[in-house]
Amino acid sequence: DEERYNEIQRCLTPLIRASGFVMKRVRFVPVSGLTGVNVKDREGKSEVSEAVDVSGLNKWYQGITLLEAIDTFVPAKRDIDNSLRV
């Protein structure tokens with residue numbers, strides 16, 4: 001749900017920033033590994049159980065899917081002509 005997503009984002013942001021990532025290049029995408037919601041399609045179908053609500057994400061998240069995020073990923077520029085720095 002949205003509350004859990006926001007909690008995870010709040011906890012991970014300091015760690016990601018401390019690791020040297022530029023936050024404007026970091027994208028958080030909520031997905032469900034259990035139901036597949038927002039991995040490929042915005043709407044998932046629960047094949048696990050009819051009791052699992054797969055429509056909840058659409059109520060609060062209007063962003064892109066995980067595969068769309070991967071497809072639009074732009075790698076960081078690396079200066080490959082210089083010496084290797086370890």
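Colleague: Which residue meets E7 in a salt bridge between side chains?

Modeller: Happy to start there: a salt bridge is a side-chain nitrogen of Lys or Arg within 4 Å of a carboxyl oxygen of Asp or Glu. Here the separation from N to O is 3.3 Å, and a search of the whole structure finds one such bridge. The partner of E7 is R4.

Colleague: What pLDDT do local features need in this model?

Modeller: Residues are numbered from 1 along each chain as its sequence is written, and side-chain values use heavy atoms, with hydrogens and water left out. This is a predicted model in which totals for chains, interfaces and linings use all residues, side-chain atom pairs count only at pLDDT 80 or more, and local features need pLDDT of at least 70.

Colleague: Why are E7 and R4 separated by about one helical turn?

Modeller: Helices here are DSSP runs of H or I with at least four residues, strands are E runs of at least two, and both are numbered from the N terminus. E7 and R4 both lie in helix α1. They are about one helical turn apart because their spacing along the helix is three residues.

Colleague: What is the relative accessible area of E7?

Modeller: Under 20% relative accessible area is buried, over 50% is exposed and the range in between is partly exposed, using a 1.4 Å probe and protein chains only. R4 is partly exposed at 44%. E7 also falls in the partly exposed class, with 36%.

Colleague: What length does helix α1 reach from its first C-alpha to its last?

Modeller: Helix α1 covers residues 2-18, which is 17 residues.

Colleague: Where does α1 bend?

Modeller: The bend at a residue is the angle between axes fitted to the seven residues ending there and the seven starting there. For α1 this angle is about 30°, and the proline P14 follows within four residues. The bend sits at L12.

Colleague: What covers the buried residues of α1?

Modeller: The buried residues in α1 are Y5, T13 and I16. Their cover is judged by contact, meaning heavy atoms within 4.5 Å. It includes residues 57-60, which form α2.

Colleague: Is T65 buried or exposed?

Modeller: T65 lies in the loop between α2 and α3. Leaving aside neighbours within four places in sequence, it is in contact with V29, N38, V39, K40, D41 and R42. Its relative accessible area is 1%, so T65 is buried.

Colleague: Which residues is D41 in contact with, leaving aside its neighbours within four places in sequence?

Modeller: D41 is in the loop between α1 and α2 and is partly exposed at 43%. Its C-alpha is 9.2 Å from that of I64, 23 residues apart along the chain. The contacts of D41 are G36 and T65.

Colleague: What is the phi of N38?

Modeller: Most residues other than glycine have a negative phi. N38, in the loop between α1 and α2, is buried at 1% relative accessibility. Although N38 is not a glycine, its phi is positive, at about 70°.

Colleague: What distance separates the C-alpha atoms of L67 and K40?

Modeller: L67 belongs to helix α3, residues 66-71. Not counting residues up to four places away in sequence, L67 touches V39 and K40. L67 and K40 are 27 residues apart along the chain, yet their C-alpha separation is 5.7 Å.

Colleague: What is the area of the nonpolar surface patch made by V31, L66, L67 and I70?

Modeller: Patches are made of residues with over 30% relative accessible area and no salt bridge, joining like charges within 9 Å and nonpolar side chains (Val, Leu, Ile, Met, Phe, Trp, Tyr) within 5 Å. L67 is partly exposed at 38%. Areas come from the Shrake-Rupley method with a 1.4 Å probe, and for residues only the protein chains shown count as cover. The patch comes to about 310 Å².

Key
The expected span of a helix is 1.5 Å times one less than its number of residues.
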